[in-house]
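Please look through the sequence and the model below.

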Amino acid sequence: MSLLTPVILPRAIFLMGPTASGKTGAVVELAQRLPVELISVDSALVYRDMDIGTAKPDAATLALAPHHLIDLISPLQSYSAAQFRSDALALMADITARGRIPLLVGGTMLYFNALQQGLGELPQADAAVRAQLDAEALQTGWPAMHARLAVIDPDTAARLMPTDAQRIQRAFEVWMLSGKTMTQLFAEQQNQALPYRLLKLALMPSDRSVLHQRIALRFGQMLQAGLLDEVQQLRQRYPDLQPELPSMRCVGYRQAWQYLQGEFDMNELRDKGIAATRQLAKRQLTWLRGMDDTVPVDCLDPALTDRLQTTITNWLG
């Protein structure tokens, strides 16, 4: 009688957290101490030439601790959660084959969720439907469209800001083309279990006001570092760049574009940029609180990296 040998899955680490929680600084140090290789989980870092407003690690940092999935596409292109999942799975297999541990770090919770849970079969984009939705939004405004979505698909609407035109439009498009809401389609998705033993670390602030202070400080530093010049150069380098593109909908870039269009002054730019970043952090924390099996770590702990290293080392055994 033969005995079945249990399959031992390889290990992988998620390090998730809101913007300004100290993720990059921590993983750069961890990469020097542990047999890990870093994969970026950030929907803004995929864009080339967008460095200041995305808080992209600089060349010296990347030389010290290389990150995969950074600088993949131009600001004129799009990158989906499905593309991320495909790219990340290939990288994770390659890293594991080399005897190292994939450490996926970032704040794009949709990407983390897509990687672990898989993706439902969503209908392809339809230009005619999108034109119809754009026309309706022009008449009523995206907040009103968001209110309509809340009646049709309350779970999806709850995750979206009333001004998030791109995702509100997509949710309506999916419903109109399939007859099902995004929530229903994701619930029906085939279980695509991630073939890894996961350690899911969630950076959570013990004091939300301190995180808000960090956000305000960092946005001010981005302005001082030349965020407005960066956006102006992007507009010159890419003549077809438009504010409706996903790249220019990133927090900070949207507000900088509006400032350059003369829609408000410098004080308003600062206030709106900080407010938008705080809203982003709030959504990220909401995602994190809804995730299962996470290990919360206080991102404000002065010994954050040491605490993360201890947790990972104990998990590795």
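**Contacts around a recorded site**

Ala-20 touches Leu-211, Arg-214, Ile-215 and Arg-218, not counting residues up to four places away in sequence; contact means heavy atoms within 4.5 Å. The model is predicted: local features need pLDDT of at least 70, side-chain atom pairs count only at pLDDT 80 or more, and totals for chains, interfaces and linings use all residues. Residues are numbered from 1 along each chain as its sequence is written, and side-chain values use heavy atoms, with hydrogens and water left out.

Ala-20 belongs to the loop between β1 and α1 (23-33). Helices (H or I, at least four residues) and strands (E, at least two) are DSSP runs, numbered from the N terminus. With a relative accessible area of 12%, Ala-20 is buried; the term buried means under 20% relative accessible area, exposed means over 50%, and partly exposed is in between (1.4 Å probe, protein chains only).

An unreviewed UniProt entry lists Gly-17, Pro-18, Thr-19, Ala-20, Ser-21, Gly-22, Lys-23 and Thr-24 under "binding site". UniProt positions are given in the numbering used here, feature names are shortened, and annotations may be inferred rather than shown by experiment. Lys-23 counts as buried because its relative accessibility is 13%. Leaving aside neighbours within four places in sequence, Lys-23 is in contact with Leu-15, Met-16, Gly-17, Pro-18, Val-105, Gly-106, Gly-107 and Leu-203.

Next come the aromatic rings. Across the whole structure, a search finds four aromatic pairs. Rings of Phe, Tyr and Trp (its six-membered ring) pair if their centres lie within 6.5 Å; planes under 30 degrees apart count as stacked, over 60 as edge-to-face and the rest as tilted. Phe-14 and Phe-112 form a tilted pair, 4.9 Å centre to centre with 50° between the planes. This pair links distant parts of the chain, with Phe-14 in strand β1 (residues 11-16) and Phe-112 in helix α4 (residues 109-117), 98 residues apart. Both Phe-14 and Phe-112 are buried.

The pair of Phe-84 and Tyr-111 is stacked because the ring centres are 4.7 Å apart and the planes are at 15°. Here too distant parts of the chain are linked: Phe-84 is in helix α3 (residues 81-97) and Tyr-111 in helix α4, 27 residues apart. Phe-84 and Tyr-111 are both buried. Ring pairs join Tyr-79, Phe-84 and Tyr-111 into a cluster.

Two arginines lie over tryptophan rings. A charge sits over a ring if NZ of Lys or CZ of Arg is within 6 Å of the ring centre and within 35 degrees of the ring normal. Arg-11 lies over the face of Trp-315, at 4.8 Å from the ring centre, and the charged end of Arg-235 sits over the ring of Trp-257, 4.4 Å from its centre.

The backbone remains. Asp-49 has a positive phi, near 70°, although it is not a glycine. Asp-49 is in the loop between β2 (36-41) and α2 (59-64) and, at 28% relative accessible area, is partly exposed. Asp-293, also a residue other than glycine, has a positive phi of about 60°. Asp-293 lies in the loop between α13 (266-289) and β6 (294-298); its relative accessible area is 69%, so Asp-293 is exposed.
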